[in-house]
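Biologist: I'm new to this one and would like to go slowly. Could you take a single part and walk me through it closely?

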Amino acid sequence: MNTPSGSRDMASSDYARIEQAILYLDAHAREQPSLDDVAAHVGLSPFHFQRLFTRWAGISPKRFLQVHTLSSARRLLAERRSVLDTSFAVGLSGGGRLHELFVTLTAMTPGEFKLAGAGLTVHHGVHASPFGDCLIAVCERGICGLHFLTGESEAEALESLREQWPRASFIESTKLTAPWAGRIFPQTPPRERTPLSVLVKGTPFQVQVWQALLRVAPGDVATYEDLAKAIGRPKAVRAVGSAVGDNSVALLIPCHRVLRKTGVIGDYRWGSSRKQVMLAWETLRREADNEDGDGEALQSGLA
């Protein structure tokens, strides 16, 4: 994933078109727009849009129209309100082809927290992803930051990391962060999954919320109320919302899987549109994993 700036620019342009397509399909779902309609909206030929969308989602635009991803996310909210309790009971769910990774969360000790990153060397670099360019920051203990750059410049993202780790040393090293980017966003599923270590700096309450987020499986969603109940603090919904918003490791600590009780997407640190696209991608990839069985039955109806 150590991509030159030209390739990154192309990947960002691809993501921008995918985002436009997802938002267009969400807004016009009742009209059942054709492939030609969506392709025209994003400025591509139907052939090129079909290839781009399928490469990004692992599933065709026609299949997307069947799934109606964002509606599915809202249905999940209504139908799977107990998903978090279930996840806690059985352990962290696997993501299938979705990420092919799992996360080991390590929190700084109180003593380390007070040191504010003293003695820590943070390497950082910008990489392409299915959701646009992102700044990845790593240290000897794992990933300590992942910021998407749409709506936030590289300088602003780096400044946020410096504020979090004010006494750490920061070194730009795309070559060093590239292997981490490749593990977070694998182009092909690895044969074996190895844990991705994530180092976080937060209060005990924040860490508890972030650990609960890791129990929300890809393709599922939870409300702030669900998270508050899951950590045994049912009345701390507002504080839970603040902890979710303070997460500085996007995607790996999946704060994008939290919706309001009404099912509304709501705010997201890196843009509500990106949150919609991430939920859509996860639902689509799970549907692709389910092509055998129920997914196969649905697919046959589209032939």
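In strand S3 (134–139), how many residues are buried, and which strands pair with S3?

Modeller: Happy to. Before we zoom in, this is a predicted model, in which local features need pLDDT of at least 70 and side-chain atom pairs count only at pLDDT 80 or more, while totals for chains, interfaces and linings use all residues. Residues are numbered from 1 along each chain as its sequence is written, and side-chain values use heavy atoms, with hydrogens and water left out.

Here's the wider setting. The chain has 14 helices and 8 strands; these are DSSP runs numbered from the N terminus, with helices being H or I and at least four residues, and strands being E and at least two. Of its 303 residues, 49% count as buried, where buried means under 20% relative accessible area, exposed means over 50%, and partly exposed is in between (1.4 Å probe, protein chains only). Take the contacts (heavy atoms within 4.5 Å) with a separation of 6 or more: residues 24 or more positions apart account for 69% of them.

Now to your strand. 6 of the 6 residues of S3 are buried, so S3 is largely enclosed by the rest of the structure. Cys134, Ile136 and Val138 point one way, while Leu135, Ala137 and Cys139 point the other way. Both sets are buried.

S3 has a partner in S2 (121–127). S2 and S3 run antiparallel and are joined by 5 bridges; two strands pair if DSSP finds at least two bridges between them. Within this pair, glycine 125 stands opposite isoleucine 136 in S3. S2 and S3 make a hairpin with 6 residues between them, and glycine 132 in that turn has a positive phi of about 100 degrees.

S4 (142–148) is also paired with S3. S3 and S4 run antiparallel too, with 6 bridges joining them. Leucine 135 faces histidine 147 in S4. This hairpin has 2 residues between its strands.

So what packs over these strands? Helix H9 (residues 174–184) is part of the picture, and its buried residues are Thr177, Ala178, Trp180, Ala181 and Ile184. They pack against S2, S3, S4 and strand S6 (196–200).

The loop between S3 and S4 is worth a stop as well, since arginine 141 sits there. Arginine 141 forms a salt bridge with glutamate 112, the closest N and O atoms being 2.7 Å apart; a salt bridge here is a side-chain nitrogen of Lys or Arg within 4 Å of a carboxyl oxygen of Asp or Glu. Glutamate 112 lies in helix H7, so the pair ties together parts that are 29 residues apart in sequence. Both ends count as partly exposed: glutamate 112 is at 23% relative accessibility and arginine 141 is at 30%.

Most residues other than glycine have a negative phi. Alanine 116 isn't a glycine, yet has a positive phi of about 55 degrees. At 11% relative accessibility, alanine 116 counts as buried.

In one of them, the side chains of glutamate 282 and arginine 257 meet at 2.8 Å, N to O. This pair links distant parts of the chain, 25 residues apart: glutamate 282 is in helix H13 (residues 272–289), and arginine 257 is in the loop between H12 and S8. Both residues are buried. Aspartate 14 and arginine 55 also meet in a salt bridge, at 3.4 Å, N to O. Aspartate 14 lies in helix H1 (residues 5–27) and arginine 55 in helix H3 (residues 46–57), so this pair ties together parts that are 41 residues apart in sequence. Arginine 55 is exposed, with a relative accessible area of 56%.

To come back to your question: 6 of the 6 residues of S3 are buried, with S2 paired to S3 through 5 bridges and S4 through 6.
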